[in-house]
Every structure is written in structure tokens, then in C-alpha cells.
Amino acid sequence: MLVATAGLTGCAGADDRPDGTIRIATAEPVGNLNPWEFLGQFHAMDMVYEPLVAYGHGGVLEPALAQRWDVAPDGLTVTFHLRDGVTFHDGTAFDAEAARWNLEHWIGEEGYDFLRTSTVVTDITATDDLTLVLTLSEPYPPLLQELTIVRPVRFLSPASAPDGEYVAPIGTGPWVHESSTDTTGVFVRNDDYWGTAPSLERVELRVIPDSQTRVSALRAGEVDLIGGGYLSPINAVEAAALAGDSSVTLLTGEADTVMLLTFNADSLAGERAVREAISLATDVESINDVLYGGTDNVARGFFPSSVPHSGTQRDHVHDIERAARVLDDAGWVLEGDVRVKDGRELTLDLLLVSDPVHGLMDSRTTGQALQDALAGLGVVLVQRVVDQAAYFDEVAAGKYDLAFTTTYGAPYDPTNTVTSYLTTTSTSPVWASEELDALVEVAVSASDADQLDAAYQAVYDYLDVQVAFVPITCPPRYYAVSTQVRGFTIPAHEYHLDLTAVVIG
Amino acid sequence: MGKVVARHLVSAVAVLLVVTFATFLLLRSTPGNTATSIAVRQAGPGASQEQVDRLHAELRLDSSLPVQYGVWLGRAVQGDLGRSDRSGRTVTDEIAAKAPRTLFLGLGAAVIALVVGFGAGVLSAVDRRGGLAAALRVGALAAVSIPTFWMSFLLIVLLSEQLRWLPTSGDRGFASWIMPWVVLALPAAGAISRVVSVSLTETMSRQHVTAARARGAPGWSVVLRDGLPHAAGATLNVTAMHVGMLLTGSVIVETVFAWPGLGAWFVDSVKFRDNGAVLGGVLVFALAFILITRGIDVVQKITDPRLRKAEVGA
């Protein structure tokens, strides 16, 4: 029956691309594009809405809707000089008043205080049509970088929220939202774009939740582009398969995140010797070689070197005999197959996520590798796999001994990962102490480059002394395009796609 | 008749109450909650405790279980299933958008499962000792045993990547429906074919069939007139079970073939601890099961006069 029907239907999918259209696979539907909510797909929002300041390659801040900006010597005033002649997709002018109106939707508002910009800005004034002044209660150098993220910092046409309530996604970006459903999102070129308009006329986002199906859809010619950490992730195994496929081009970008093995300081892993032994027993090289696409991806610090102020990268030491000595010296005596101290067995609970999204990596196979390595040392590792919602609750409640987590990546780092994972206010800290809080505060308050490097290095050195985590892998950023796509380059960060130079054919 | 309908209605309402309350209990006793999921979506995995606590209060997750369930039930009976915290849309809108897709997927698969299952079962019973029956038995075993996701990928690689006959995924016309229908139908078809084959083989050895043959009735006529109706009871039961499973078991198929129906939506809602959506989904699935099982009861009474008599007697 299959063959008979297929004969009637003929080739399906590969030829349904209108001229000037790129079809991009996305794991999630476009959803609600209200810029002040957190419901919509990142890339769809990024295509429509623009920031004042853009995050360029390597963390270089670039002009976007603001042509330039001045930070007062005392750090308490930031003045943005807006680009002239910019209009929203509905023809409304983008000026300082429109910018102020947008910022007031979230600055100082409850629910947005996870961005420190929201709490430190005390006044927003449009001094003329093209000048916007932010007054701060204290200097906050990461403010400019925080303004590069996708939400809630970008700009909606005031005409699209007449009573303050969002109506439709009208921004200033190079793409205009045409329609979206659970299965697709269609965007057309903004011919009045202030910058260089894309060559392509249309972008079609096709929702394909399963990563293997996305790879097949690319190979079958049904989509032209897959990849990116949030758009439609490609894992290391799929990347290896795509690298050997002549019908597609695999692009590999430098990692901007690290997967870390973390410890609960209130468990048996709170003992430094236990953490040091686990670190020494973890064969990071082999784990990367077998599971994560090769030893080039071995992590050597809290951040990969692509992140600004990532500090000194250090080679991980794998020495199982030394690990055993460390435990011996700390009084953990091997009794049969397991080590014991004060009548307590060295049994640890490893919390793993069954459905890793939101930037977390799949660490289940790493958990198995770690379990084997530690068994040889007399440390029993019990794997407990839960879903993501349970994972965050269990970590927040301290119901774990070991877990894996992943840093945020560009454009958030180093500030956001450091403040979210290394402070006592976090629900899921990688490490937290009052001493570390103070070091983090110095780092996020530093303004000149030398100060920043030194302050962040002090944070990393502190973590190093504590053996606060084991860096496992820096996942490369994979994108794959059909051979018909030309001009595509790896974007500056995983929430953005630069399609300006892309042509098909 | 009126009494029977009333009894069925009361039992249906009782089932819905028990199922939704049990779901409420499970959601509350499982680690993870909506507030944490929203906080992580907003601020990433390192969201602050303050943010989680605030969302907890906003969503009224602190109030007692009976109060929360009571509030939900009070609104649900008025047709208001609340708002999905994951998408921002109302749960009724979500169900209205997704239920027709799952129904379409399930009905297509059910038709294929019934036609293929009955066909294979009858052929297997007729050709009991032949090679065809053996092949069909192996086929049925494979259909039931091969994991759905694996079968899906095999078909996608062959029919989409290699031969480019069918699209890999999405809802883009008849060609795009074939693989999801077939993959979803195969386990049910395998099970139905075995049950039909066994019941028909058993029926065909009964005296009335032998008598029909002795009267000189043609072979196929004996199977269709004297065999199949008697084998229908057991078959209808297994069919009912599998049609119900087609509706709820479509999660993998919906995910692999990018078919945004109720199954995948429900699982994603559970993962997010989107309580309103989970309860809405459970309500729809329970209702579907009740309708299917009651429907099959009716069909069985039509096909088997003994059951009608039993009901009258009761």
C-alpha cells in the first residue's frame, strides 16, 4: 500500500520552497511574541525586535538602535544616541519616547529583577527625539551587555500596545512577522529596514521537535538550515554523521558554554577530599572522545576561552591512584567494594535530567561513565534520573549530592552565569558562600578591562581551591545547511541568526 | 432505556471526578512545580529563590489541595479550564487546536489497523497451516514488538531520505499523513490480527460451521457468514482497547512526525508542570476512553443478542 500510494504522491517536500525563501527547522513553535513575556521562540523574537546595543562576535558591543552611547565617569548615567530615521514595521517612528515607553514596561517592575539593570536604573528620560538617558542608583558596568539579550529588553511599536497591552509583534527588525501557527512561522523581509536588508524575501520556520527528524528533513531537502543551541540543536553524534554527508554543509562554531559536574556542599560531597577524588577520577579526555565529539572539546575552566574574562584555562588532571590516596588520607577506608568513614559508606546520589532543555546538556551517558570510574575507587554513585521540572526542584531543595549543569553562554556571560550560579541567592548554585558573594560583587562592579580580568580570575581561583566543580565539555556550536545555502556564517550567539548575506541556489 | 443512560452518565461523571482528582494528587506529590518552570524559563537554571517564591504566591500554589481542586472544578463545570502557563493560551483553545489533529491521526490509524488487522487475521485463519499464515504470524509479532520510534526512523530514512517519496514530517497533505498513520496503526493491526485469527480458528472448528460446510456452502461464505460474526466479541474488545491506545499512545508519533496533537502537548505540559493543561488533557483523554468503551458496548449489544437479554434481565 505504501509503495502504491507513494507512487501517486511523487516527490514530496523537497520542491515546495518558493523563490527567495529559506526554510529553517525549529524545535519549538513561534508562540506568543509579546516582548515582555517569556513565551515566544527566541529566534522569532530576535528577527522582529531589536536592541539598543548588539552583541557581536567575542562579546564586542556593537551599535544597533543606538548609534553610540556614553557612560558618565561616575558610572551613574548612561546616554544613548539613537539612530535617526528608524521606523517600526507599522510606520511608527522609533524615537527616544518610544524607547522610554518600552523600557518602562520592565525596568523597576516586579518579575524582571533577575536582570540587575531592572533594579539599578532609577530614571529613564527622553531628553530629545534621539537622546535617551538612564540614571542608575549605582554603577553597573554589565548594563550594556544586558541590553543585548532578546527579552524583555527589545522594542515594540507603541502603536501595537495602545492601552499598554501587547497586541501584535511589530518591531524594527529586518523581518516582519506575517503569520505563525503550531507548525510554522512565516516572516517577510522588511524593505524599509534601516540597515542592510537581507537578500532573501521570506523566512519559513518549520516546527520539528525531534532532532533526528530534523536531520532527516535537511537530508531530504525539506528544510535548508538546522542547528543552534536553542533553534534546533544538533548533538555530537548527529554532527559526526552530518560531517560525512556530501549533501549538506556542517558548520562548527567555537563553544560558548561549559557542562560542569557540580557538588552539593551540604552532602558528603561537601568534604573537599571527596570532591578532589571525584575530580581526579573523572576521565574527562575519554568522556569527550567517546561522547562529545572529540578531545578538542575538553573543558578547562568555568567558562570556555571564547567568553570575555574567562581567565586562565587549566588542563584537567586525571589520576586514579592519586584519587585513592586523597580518600585514604581523608580517612575513607576501603571495606570490600566501598569506602567507609565513621560508619558511613561513601555513596553519592547523582541527579540526572531525562529531558534536558533550556540550555542543559544531556548528561546521562556521562553519568554512567562517572559511575564506572568511581566504582573502581570504592565510591558508589547512584544515578537518579528525573524530568527537568523535578531536577530544578530537587537541586533547589538540596536533594542531591552530584549533578550536571551548563553555563548560560553568550550574550549572558560572564555576568549572568556568575551571578546566577555563584551566589547565595540562587536556587541552584554551583557553589555559594559569603566569601564568594563578595568576589562576585567585585567582578560584576569592575569596569576597566584589567580590573575585570583580575576580578574574574579571583573568582575562578577561589573555585579552583575549593574544587567546586569539574569542567567536563565545551560543546561546539553546530549548524548544518543544505548545499544550496550560501553566505551563512555562525552567528555571534545562539539566540540570533544573521541571514543578511544568505542566498539560496 | 432512560435508566440505562442515566446510569452510564453517573458512572462517567464519577470516573471523570476520580481521574482528575487523582491527577491533581499526583501533580502535587511529584517533585517540580509550575513556579520553578516559569522562573527557569525567565531567568535560566540559576533563577533566584525570591523569584520562584513570588511566582509560587502569584499562582496560588500555596493554598491547600482541596481548595485548589475545588477552584479548578468550579471553573471546569462552567467550561473554563484556565490558562496554560507554558503557552499563555487558554486550555480550551489549546485542546480545540490540538484535539482534531490527534483525532485525525487516531482515526486514520484505526481504519488502517482494522482493515489490515482483520484482513491478516482472516487470511491467517483460513490458511491455518500454510506459509502465508506463518508469515502473517511473524509479521504480527514484529508489528507488535518493534518500538514505534525505531519503526518511524526506519521509514523516514527509507521513504523520505533515500527514496524521497514522502515528507519526513509536518501536516502537508495526504503524503504527509501516510507514515504517521501506518506507524501508529501497526502495533494495533498486529494485535487485532492475532485475536481475529485465534477466535476465527476456534469458531471454524465448531459444529455449526461444519454443518454449513456439509450443506455445501462455499468456503468464503462460511468464513464471512458463519465464522466472523461469532468471532466478533473478543475482537471488538481488543479493538476497543487499541483504539483507545491509539489516541493516548500517539505521543511518540506526534513528536517524531512533527504533528502537534494532544499527546505531545500533554507530555510537554506534564514536564512543565502546567497543571491546568495537564488536567484539561486528562479530562479529554478520560472522556475519549469512556466514549470508546461505551460505544463498543453498544456495538457488542447489537452484534450479540445474549448481551441485550442480560441487560433487560438486569
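Okay, let's start with the charges: over all chains, this structure holds 29 salt bridges, and by that I mean a side-chain nitrogen of Lys or Arg within 4 Å of a carboxyl oxygen of Asp or Glu. Bear in mind that this is a predicted model, where local features need pLDDT of at least 70 and side-chain atom pairs count only at pLDDT 80 or more, while totals for chains, interfaces and linings use all residues. Residues are numbered from 1 along each chain as its sequence is written, chains are lettered from A and ligands numbered from 1 in the order in which they are written, and side-chain values use heavy atoms, with hydrogens and water left out.

First, chain A on its own. A:Arg116 pairs with A:Glu441, with 2.8 Å between the closest N and O atoms. That one links distant parts of the chain, helix H4 to helix H14, 325 residues apart; helices and strands here are DSSP runs numbered from the N terminus, at least four residues (H or I) for a helix and at least two (E) for a strand. A:Glu441 is partly exposed at 33% relative accessibility, where buried means under 20%, exposed over 50%, and partly exposed in between (1.4 Å probe, protein chains only).

Then there's A:Asp328 with A:Arg339, at 2.7 Å, N to O. Here helix H10 is joined to strand E15, 11 residues apart. A:Asp328 is partly exposed at 43%, whereas A:Arg339 is buried at 3%.

Now over to chain B. B:Glu94 and B:Lys98 meet at 2.9 Å, N to O. They sit 4 residues apart in helix H5, so about one helical turn separates them. B:Glu94 is buried, at 2%, and B:Lys98 is buried too, at 6%. This pair also belongs to a salt-bridge network with A:Asp182 and B:Arg89.

Which brings us to the interface. How many salt bridges run between chain A and chain B? The count is 6. One salt bridge joins A:Glu222 and B:Arg172, at 3.3 Å, N to O. On the chain A side, H12(A) gives the most, with 6 residues. That side divides into 22 nonpolar, 17 polar and 13 charged residues, counting Ala, Val, Leu, Ile, Met, Phe, Trp, Tyr, Cys and Pro as nonpolar, Asp, Glu, Lys and Arg as charged, and the others, Gly among them, as polar.

Finally, the contact (heavy atoms within 4.5 Å) takes 52 residues from chain A and 52 residues from chain B.
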